[in-house]
Amino acid sequence: MEGIRYTALHPSIAALLVLLTALGIGGRPRSELLPGIAADVFHSGAGGLSLLASSMGGGAILGGLWLGQWAHSSNLTEIAVGSSIVAAVAIAVAIASTMWVALPAVAIVGLSISCAGIAIQSSIAAQPRYPRLELFWAPRSNA
């Protein structure tokens, strides 16, 4: 119970977990809905689905590579918030467009969601830890 109280009262961790929850609820279903989007929105079948899924996966890979090279712990929160906003806009563009506009938009969705998730988790991990919860993050030695 102490860990939940600490997390809820910590201003940075609580806000980041709310953002991560919003991304999980609002952003995660995008990949599960791709078959329906390919079939009903773009009328493209399995070929369109493979293009959309590949585009999203490629964007996610690029996002992870970019974040690994250029992100510093001082700007992770800004990256998380900015990436979340970009992802929301890109989702709207992807659904309200043609297939050829949707492909780069879906790549941007994959890139943005990947960057936001990595930045949020890295930012939480960089926070000073509550001493009584240290056993959850670091292995204890028996020595």
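User: What share of the contacts in the protein with a separation of 6 or more comes from residues 24 or more positions apart?
Analyst: The model is predicted: local features need pLDDT of at least 70, side-chain atom pairs count only at pLDDT 80 or more, and totals for chains, interfaces and linings use all residues. Residues are numbered from 1 along each chain as its sequence is written, and side-chain values use heavy atoms, with hydrogens and water left out. Contact means heavy atoms within 4.5 Å. For contacts with a separation of 6 or more, the share from residues 24 or more positions apart is 73%.

User: How many helices and how many strands are there in the protein?
Analyst: Elements are DSSP runs numbered from the N terminus, with helices being H or I of at least four residues and strands E of at least two. From the N terminus on, the order is α-α-α-α-α-α-α-α. The count is eight helices and zero strands.

User: Which residues is Leu52 in contact with, leaving aside neighbours within four places in sequence?
Analyst: Leu52 is among the residues with the most contacts inside the largest nonpolar core. Its contacts beyond those neighbours are Leu34, Ala38, Phe42, Met99, Ala102, Leu103 and Val106.

User: Is Ser44 buried, partly exposed or exposed?
Analyst: Ser44 sits in the loop between H4 and H5. Not counting residues up to four places away in sequence, Ser44 touches Ala38, Ala39, Leu49 and Met99. Buried means under 20% relative accessible area and exposed over 50%, with partly exposed in between (1.4 Å probe, protein chains only). At 28% relative accessibility, Ser44 is therefore partly exposed.

User: What distance separates the C-alpha atoms of Ser44 and Met99?
Analyst: Ser44 and Met99 are 55 residues apart along the chain. Met99 is also one of the residues that Ser44 touches. The C-alpha separation is 8.6 Å.

User: Why does Val101 count as partly exposed?
Analyst: Val101 lies in helix H7 (residues 99-125). Val101 counts as partly exposed because of its relative accessible area, which is 41%.

Notes: Core = buried A, V, L, I, M, F, W, Y, C linked by side-chain atoms within 4.5 Å.
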